Amino acid sequence: MFVGAVFFPLLGACVSGFLGRWLGDRVAMWSTVFFMALAAICGLLAFWQVALSGQPQTVVLFTWMQVGELSFSWSLRYDTLAAVMVGMVTLISTLIHLYSVGYMSHDATPSRFFAYLSLFTFMMLMLVTADNLVQLFFGWEGVGLASYLLIGYWYEKDSANAAAMKAFIVNRVGDLFFMLGMALTFFTFGSLEFDAIFGAVQDHVNDVFLGIPSLELIGVLLFLGACGKSAQLGLHTWLPDAMEGPTPVSALIHAATMVTAGVFLICRMSPVMEFAPVALAIVTVVGASTALFAATIGCVQNDIKRIIAYSTCSQLGYMFFAAGVGLYQAAMFHLFTHAFFKALLFLGAGSVIHAMSDEQDIRKMGGIWKKIPVTYAVMWIGSLALAGIPFFAGYYSKDAILEGAVAAGTGVGMYAFVCGAVAAFLTAFYSWRLLILTFHGKPRADHHTMEHVHESPLVMLVPLLLLSVGAITTGFVFAPYFIGDAATAFWNGAIYNLPAKDMMEALHHAPHWVPTLAKTVAISGILLAILIYGFLPHIPGRVAAAAPGPYRFLLNKWYFDELYDRIFVQPARRLAVQLWQVGDARIIDGMPNGAAALAAGASRGTVRLQTGKVASYAFAMIIGLVVFVTLFLTGR
Amino acid sequence: MNAAGFPILSLVTFLPLLGVLVILSVRGEEAVVASNARWTALWTSLVTFALSLVLWFQFDRNSPDFQFVERLDWLPDYGVSYLMGVDGVSVLFVLLSTALTPLCILASWESVQNRVREYMIAFLVLETMMVGMFCALDFMLFYIFFEAVLIPMFLIIGVWGGARRVYAAYKFFLYTFLGSVLMLLAIIAIWYQSGTTSIPEIYEFDIPFAMQVWIFLAFFASFAVKVPMWPVHTWLPDAHVEAPTAGSVILAGVLLKMGAYGFLRFSVPMLPDASQYFAPMIYVLSVVAVVYTSLVALAQQDMKKLIAYSSVAHMGIVTLGIFTFNQQGIEGALFTMLAHGVVSGALFLCVGVLYDREHTREIARYGGVAKIMPAYALVFMLFTMASVALPGTAGFPGEFLVIVGAWAVNPWVALGAATGMVLGACYMLRLYRGVAFGRITRDDLKRLLDLSPREYAVFSPLIVLTLWMGVYPQSFLSFFSATVAQLVAQHQAAISAASRFAGL
């Protein structure tokens with residue numbers, strides 16, 4: 001069961017990838033769905049046994065490397081943290097596989113697509129069940145590879161290729177720090193296995209490396225790694241571009257699972273992070289800034305998928321600052337609920353795009369809610385959950401995070417709260433902007449497209465409906481376990497909180513105005529969006545015209561891409577050409593080639609001396625004799 | 001006599017020469033001779049490989065000593081003998097050489113059409129020299145093999161190479177030969193001091209520090225060119241570009257390892273103090289190699305040149321690992337050497353597949369190949385990922401171990417080496433995108449055929465090895481551990497002894 005949950009997707013990937021050509025597309029597609037369903041059953045059983053019945057377990061497969069004192073195995077570690085992720089990933093992945101059967105039905109090579117999708121799921125599961133940092137890194141890079149392949153799935157499109165490369169390379173920048181973090185962890189603890197690290201944290205609290213406490217440096221390096229994968233401020237640029245991939249990919253990888261790996265990493269390393277207060281403060285500030293920053297951009301984008309992508313970026317920021325103030329439980333809870341409603345939103349957007357004949361610009365939509373009522377309804381549910389409206393899933397987790405930020409009682413906690421509250425307002429605003437522009441108002445698409453608007457087939461609607469059940473129920477069903485009274489038994493030691501801080505206790509004593517404020521800003525954001533886009537549609541244009549500077553600043557995503565292009569990409573390209581053509585060709589090769597030319601020239605010169613005339617030889621001899629005699633005489 | 005009960009190392013070394021004799025004796029029409037030469041060469045190399053597998057199974061992984069030792073007196077008056085043997089450092093390189101040779105012969109099956117007989121002879125002679133070099137335990141013997149490798153390689157590049165083959169062959173020969181002459185001087189100096197050329201005996205011999213420095217520099221001149229280290233690397237791209245595909249495979253797969261092997265066999269154990277003294281210089285050169293050549297690779301238009309530059313970067317990781325003097329670093333370096341032998345060899349074969357069909361190596365001439373050659377695209381993707389050291393493929397364990405090892409010595413060096421991760425991804429993905437992705441714009445690309453059965457036969461062992469080395473590297477690492485552990489212990493002992501004397 002534990003092994004099955006992880007390896008069934010790999011089996012599915014192999015079947016579809018290698019045998020797809022012989023099996024035919026339909027068989028290949030359904031076989032991956034079948035294997036995913038098996039994995040999901042195993043995953044849910046594992047969740048039941050490990051998390052709810054409290055029986056964590058580690059399955060050791062075989063040794064991976066053993067070099068000197070450095071030794072670690074391939075193994076599957078099932079504690080509550082892993083089990084939550086395994087259950088969630090297998091379930092959502094199964095639903096998305098199912099949805100893709102409908103969504104990709106007109107594609108030329110669906111077997112390849114499903115192989116990638118299953119491969120991704122396998123890698124993600126390896127990541128979350130890792131028992132040591134290196135296996136986590138295996139999954140970490142593996143999901144990066146799968147994401148690269150899936151973003152560039154339509155490899156004939158140049159923009160898709162560019163986006164895929166960008167995703168891989170930006171991720172690699174983060175991975176570089178992850179790698180160094182591992183090196184320092186080994187240097188400090190002499191091991192990379194979680195049990196050994198966590199057991200020895202107390203002994204290394206006072207270790208110093210390069211003048212910095214080792215644990216702080218480990219925390220910062222791993223967080224930089226997490227920034228790459230989870231698209232936090234600075235390394236976020238790849239995520240919006242990643243929307244070039246097919247929509248189910250965006251839902252599975254770039255919303256529900258892969259991008260949350262960074263949050264998972266921080267929670268997994270909680271026993272170390274708890275002893276690294278400065279690193280945690282950095283996590284908090286970066287997370288909070290990202291939450292706000294991405295939300296501002298989300299308000300002006302026009303591509304339906306990009307809006308949701310920025311929203312993902314922003315929600316990841318919430319998770320990070322929750323972890324940063326020490327509320328790993330709330331971070332994981334938000335990760336869990338977010339996976340459901342964000343997958344739902346993406347798949348809903350996919351359904352809209354499907355209906356609109358592959359149109360993604362919300363300025364060219366509108367007036368279609370009657371034609372696709374189910375999609376419309378699930379988008380509402382998803383948005384309500386995202387905005388944190390009471391009784392929907394997002395309400396419980398987001399409230400807990402905001403309360404926690406205040407309860408932390410620190411400066412960075414307050415900063416996080418302010419950013420979070422403003423971002424919550426903006427989130428509600430852009431969600432309803434999206435809903436209204438997409439579904440309401442006069443149709444802005446051309447006549448031809450409008451005629452083709454149709455509800456998606458059943459195979460796509462079933463996952464949507466199941467996910468919307470998740471978006472409604474996961475909040476109040478699981479709140480007691482993740483952050484409520486049953487939390488201690490539920491987590492069962494998988495997450496470590498410093499007893500001195502005891503954030504879980506502090507959470508219950510958060511001021512009462514916090515939830516009220518959160519609800520108020522969310523609802524006012526919704527009302528503002530409805531007012532502006534529903535009743536006064538000329539206002540947005542006027543605002544944009546009145547403040548063209550800020551508008552363009554936001555529309556161009558704070559000019560991050562341009563900045564990086566100037567600072568890193570262009571200089572690197574120029575330097576590369578310079579090093580090659582000047583460094584290698586002219587300087588390094590110039591020396592031996594010059595030596596060769598010198599030798600050849602010298603020999604030509606010597607040849608000229610041999611004229612064959614006796615007189616000139618005699619003359620040279622006399623000169624030589626004179627020189628020698630002079631030297632001989634003066635030398636004495 | 002040894003664990004195998006017969007002189008296995010000599011047999012593995014000289015068996016290919018038997019094949020050479022057979023090929024030389026074939027007479028008849030040119031086509032018949034060519035076909036006979038191909039088959040003879042293939043069978044000879046396969047039998048050699050099968051025989052060398054004895055080493056895999058019989059080698060005692062728990063012993064750090066030399067095994068399968070053979071000794072014959074050669075020039076007893078001068079202390080020179082015929083001494084062969086392998087330890088954990090060299091045994092897998094013998095296997096790598098014997099494994100890559102049949103693949104190279106198979107890869108040249110159709111692409112080499114003129115002077116087939118001579119070509120096959122050159123490869124078999126090359127195999128003898130490579131294996132002999134890794135087995136030799138006597139300095140003179142080592143030197144002979146080390147130098148003799150140059151001759152067949154020089155011919156392979158110079159005769160069957162591309163347009164500028166003569167320039168490249170001369171550059172290759174002169175560069176590597178110049179260093180070797182200095183090495184000969186160093187060998188004579190050591191012999192003069194110790195009166196023997198037997199490597200295990202020299203290990204026991206203490207060389208004074210002042211002399212160590214000079215000998216180290218002489219060795220360095222030879223090995224650094226072979227590795228190649230920055231800034232003496234420029235012969236490599238030219239040699240690769242002009243060499244035929246199989247020549248590139250052997251060049252990258254085995255010949256580049258000779259320099260690093262030399263460092264490990266001679267410089268580090270014989271000259272511990274000088275090695276320690278010069279280690280910072282090696283770090284700097286290695287990190288410069290990683291960053292500099294990765295950037296240069298980024299600018300390349302020629303597929304082979306790009307991979308050649310990436311080789312230099314990978315070898316930078318290797319030299320860095322060797323001079324960390326700790327278990328992780330050295331084992332990582334050894335593993336990277338093996339992995340690079342497999343992966344870059346495979347990448348050159350990937351280029352060869354396209355070159356055989358289109359006769360150009362310019363990246364811009366391709367695009368969209370994935371559409372018509374899906375199997376090829378998959379294979380190419382696997383090796384691209386192995387080259388950027390994705391965990392689960394062969395490239396990862398070595399790079400990871402070297403970075404972990406380097407961190408213990410100097411974190412900034414580790415950071416410099418790790419930037420190779422990012423830059424490596426940049427140039428390899430750029431290459432892959434340019435070749436495999438995009439829309440097909442040229443008509444001549446549309447009629448390309450996917451991999452032939454022969455090409456599958458060439459790639460499948462490499463694919464298996466790449467994944468095996470990634471998922472279960474332990475079966476390779478276990479060969480290294482005992483020997484490397486002893487090496488590290490001896491190095492530390494020598495260093496502490498030296499510092500104690502300095503203290504007095």
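Modeller: Start with the terms. On a 1 Å grid over the protein atoms alone, a cavity is a set of points where a 1.4 Å probe fits but cannot get out; a pocket is an open set with protein on both sides within 12 Å along at least five of seven lines; lining residues have an atom within 4 Å of a point. Grid points are joined across faces, edges and corners, and a volume is the space filled by probe spheres set on the points. The model is predicted: local features need pLDDT of at least 70, side-chain atom pairs count only at pLDDT 80 or more, and totals for chains, interfaces and linings use all residues. Residues are numbered from 1 along each chain as written, chains are lettered from A and ligands numbered from 1 in written order, and side-chain values use heavy atoms, without hydrogens and water.

Biologist: How many cavities of 30 Å³ or more does the structure hold?

Modeller: Seven. The largest cavity contains about 130 Å³ of space.

Biologist: Which residues lie nearest the centre of the largest cavity?

Modeller: His314(B), His340(B), Ala386(B), Ser387(B) and Gly395(B), out of 15 lining residues. H14(B) gives the largest share, six residues. Helices here are DSSP runs of H or I, at least four residues; strands are runs of E, at least two; both are numbered from the N terminus. By class, the lining has seven nonpolar, seven polar and one charged residues. Ala, Val, Leu, Ile, Met, Phe, Trp, Tyr, Cys and Pro count as nonpolar, Asp, Glu, Lys and Arg as charged, and the others, Gly among them, as polar.

Biologist: What about an open space, the second largest pocket?

Modeller: It holds about 1300 Å³. Its lining counts 35 residues, and among those nearest the centre are Phe568(A) and Cys426(B). H26(A) gives the most, 11 residues. The lining divides into 24 nonpolar, four polar and seven charged residues.

Biologist: Now packing. Is Ser311(A) buried or exposed?

Modeller: Buried means under 20% relative accessible area, exposed over 50%, partly exposed in between (1.4 Å probe, protein chains only). Ser311(A) has 1%, so it is buried. Ser311(A) sits in helix H14 (residues 304–324) of chain A. Its side chain makes a polar contact of 2.8 Å with that of Lys342(A). Such a contact is a pair of N or O atoms within 3.5 Å; within protein, one must be able to donate a hydrogen and the other to accept it, and residues adjacent in sequence count only if both atoms are side-chain atoms.
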